[in-house]
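Welcome! Have a look at the protein below, and then let us walk through its architecture together.

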Amino acid sequence: MGEGAALVERIAERRAGRGDPRALIGELRRALLLVPIDGGGLWTASFGGVRWICAFTNENSLARFLSRHGPGDREWEYAELLGARLLDETLPAMAEPAGVAVDVADEGGAMLFPPVGGIVPEGVAVDAEAEGPAGDTARPAVTGVAHVTGGTR
């Protein structure tokens, strides 16, 4: 089994309506993910007001993504990053709400991990309660872990 096999299993459980969401996040944090390098930085895509880092659990999933979204036979560099590093260091360093999109080329196995509490640090979670001018609290609509089909650039 590859480095990301346990994460793939946890994603499949959640997509089937089973499994513990906390176990899924724990597995994401432990997984060694492959992230293509594009223009000197990590490959990202914007969707729904969120910047998504495109990460992959194995080279086959990464290759499927690049064959659909990359130019021709170009060789691609990629970084191997621990999921915890993406969540705790990389996402908070981005200047906008950001999450991790895992295996987006695999329609039956893709999963989005949005910038919400329990996934990213509270300081960058978009659902963290923010006090408004009249003492009101606001909570954006982004919540939970989402299933996706296909991928975007």
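Contact means that heavy atoms lie within 4.5 Å. Helices (H or I, at least four residues) and strands (E, at least two) are DSSP runs, numbered from the N terminus. This is a predicted model: local features need pLDDT of at least 70 and side-chain atom pairs count only at pLDDT 80 or more, while totals for chains, interfaces and linings use all residues. Residues are numbered from 1 along each chain as its sequence is written, and side-chain values use heavy atoms, with hydrogens and water left out.

**The overall fold**

The protein has four helices and 10 strands. Along the sequence they follow the pattern α-α-β-β-β-β-α-β-α-β-β-β-β-β. Among contacts with a separation of 6 or more, 63% are between residues 24 or more positions apart. Of the 153 residues, 41% count as buried; buried means under 20% relative accessible area, exposed over 50%, and partly exposed in between (1.4 Å probe, protein chains only).

**The nonpolar cores**

In soluble globular proteins, nonpolar side chains tend to be buried together. A nonpolar core is a set of buried Ala, Val, Leu, Ile, Met, Phe, Trp, Tyr and Cys residues joined through side-chain atoms within 4.5 Å. Here the largest one has 25 residues, and Leu7, Leu86, Val100 and Phe113 have the most contacts inside it. Elements that each supply at least two residues of this core include helix H1 (5-15), helix H2 (21-30) and helix H4 (83-93). Another core, of 15 residues, lies apart from it, with Ala45, Val50, Leu62 and Val104 among its members.

Which residues does Leu7 touch, not counting residues up to four places away in sequence? They are Leu24, Glu27, Leu28, Ala31, Leu33, Thr57 and Val102.

Helix H3 spans residues 59-69, and its Ser61, Leu62, Phe65 and Leu66 are buried. Seen down the axis of H3, these buried residues fall within an arc of 130°, so they line one face of the helix; the arc is that of the directions from the helix axis to the C-beta atoms. On the other side of H3, Asn60 and Ser67 are exposed. What do the buried residues of H3 pack against? Their partners are S1, S4 and S5.

**Aromatic pairs**

The structure holds three aromatic pairs. Rings of Phe, Tyr and Trp (its six-membered ring) pair if their centres lie within 6.5 Å; planes under 30 degrees apart count as stacked, over 60 as edge-to-face and the rest as tilted. Two of the pairs involve Trp43:

| Pair | Distance of centres | Angle of planes | Kind |
|---|---|---|---|
| Trp43 and Phe65 | 5.1 Å | 75° | edge-to-face |
| Trp43 and Trp76 | 5.1 Å | 50° | tilted |

Trp43 lies in the loop between S2 and S3 and Trp76 in the loop between H3 and S5, so this pair ties together parts that are 33 residues apart in sequence. The pair with Phe65 also links distant parts of the chain, 22 residues apart. Trp43 is buried, with a relative accessible area of 1%, and Phe65 is buried at 0%. Trp43, Phe56, Phe65 and Trp76 form one aromatic cluster.

**A stop in helix H4**

Thr90 sits in helix H4. Is Thr90 buried or exposed? At 19% relative accessibility, Thr90 counts as buried. Leaving aside neighbours within four places in sequence, Thr90 is in contact with Leu42, Ile53 and Arg85.
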